[in-house]
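I opened this entry to record what I looked up, going from a single side-chain pair to the fold of one chain and then to the contact between chains.

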2 protein chains.
Amino acid sequence: DDWQVITRDGVRQLERVFRFDDFASALAFTNAVGEIAEAEGHHPALLTEWGRATVTWWSHKIRGLHRNDFIMAARTDKLATEH
Amino acid sequence: DDWQVITRDGVRQLERVFRFDDFASALAFTNAVGEIAEAEGHHPALLTEWGRATVTWWSHKIRGLHRNDFIMAARTDKLATEH
């Protein structure tokens, strides 16, 4: 699993799946990503499932990818190393 | 928005979108649903986005819908009235 650039509904997005041992760990990670999202005022889509969290970044205003999305992806990776 | 029975990858699932005023409220709801999921040992897919949370229930073992999924959907609705 690594970041992939996908196109969904015509919008380019950065998406990565993070694996965890259980649901609670995945949800804890979702909350950690949510915290940096709130701090930056830039919000991803966070799909939480048993054993995995899928994080999707894109810039709503430009309906695509901006430099900031790549920065947030890198910050998400850093959070993952702590979870 | 109400519960819909959808079929994804050949698996029947119950899905509903809940609307919120912001990201934090959506994430708080995701956590509340996560709490009852952990308590029951039955885990949905929870998609958290700015202003909305999408909850999807199904029974992994039978790859489809079981009575318990409808019970969890009703409990999710009850949580929504408190959020």
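**Entry 1: a salt bridge.** I began with D2(A) and R16(A), whose side chains meet in a salt bridge at 3.8 Å, taken from N to O. Since the model is a predicted one, I counted side-chain atom pairs only at pLDDT 80 or more. I then asked which parts of chain A this pair ties together. D2(A) lies in the segment before β1 of chain A and R16(A) in strand β2 of chain A, so the pair links parts that are 14 residues apart in sequence. Over all chains, the rule brings the count to twelve salt bridges.

**Entry 2: the strands around that pair.** One pairing I noted is that of T7(A), whose bridge partner in β2(A) is R12(A). β1(A) and β2(A) form a hairpin with two residues between them, and in the turn D9(A) has a positive phi of about 50 degrees.

**Entry 3: the chain as a whole.** I went on to the overall make-up of chain A, which has two helices and four strands, and which reads β-β-α-β-β-α along the sequence. For chain A the radius of gyration is 12 Å, close to the 12 Å that the globule rule gives for 83 residues, so the chain is as compact as a globular protein of that length. I also noted the extent of the C-alpha trace of chain A, which spans about 35 × 25 × 15 Å along its principal axes.

**Entry 4: the interface.** How much area do chain A and chain B bury between them? I find about 1300 Å², with 68% of it on carbon and sulfur atoms. On the chain A side, F23(A), H43(A) and L46(A) lose the most area to chain B, together making up 32% of what that side buries. The contact draws 17 residues from chain A and 17 residues from chain B.

I then checked the polar side of this interface, where the rule finds zero salt bridges between chain A and chain B but does find three residue pairs in polar contact, both residues being at pLDDT 80 or more. Of the elements of chain A, α1 (23-40) and β3 (45-49) each supply at least two residues of the side that touches chain B, and the largest share of that side, eight residues, comes from α1(A). By class, the side of chain A that touches chain B has ten nonpolar, five polar and two charged residues.

Definitions and conventions:
Residues are numbered from 1 along each chain as its sequence is written. Chains are lettered from A and ligands numbered from 1 in the order in which they are written. This is a predicted model: local features need pLDDT of at least 70, side-chain atom pairs count only at pLDDT 80 or more; totals for chains, interfaces and linings use all residues. Side-chain values use heavy atoms; hydrogens and water are left out. Contact means heavy atoms within 4.5 Å. Buried area is the accessible area (1.4 Å probe) that two parts lose on being put together, summed over both. A salt bridge is a side-chain nitrogen of Lys or Arg within 4 Å of a carboxyl oxygen of Asp or Glu. A polar contact is a pair of N or O atoms within 3.5 Å; within protein, one must be able to donate a hydrogen and the other to accept it, and residues adjacent in sequence count only if both atoms are side-chain atoms. Ala, Val, Leu, Ile, Met, Phe, Trp, Tyr, Cys and Pro count as nonpolar, Asp, Glu, Lys and Arg as charged, and the others, Gly among them, as polar. The radius of gyration is taken over C-alpha atoms; the globule rule is 2.2 Å times the number of residues to the power 0.38. Two strands pair if DSSP finds at least two bridges between them.
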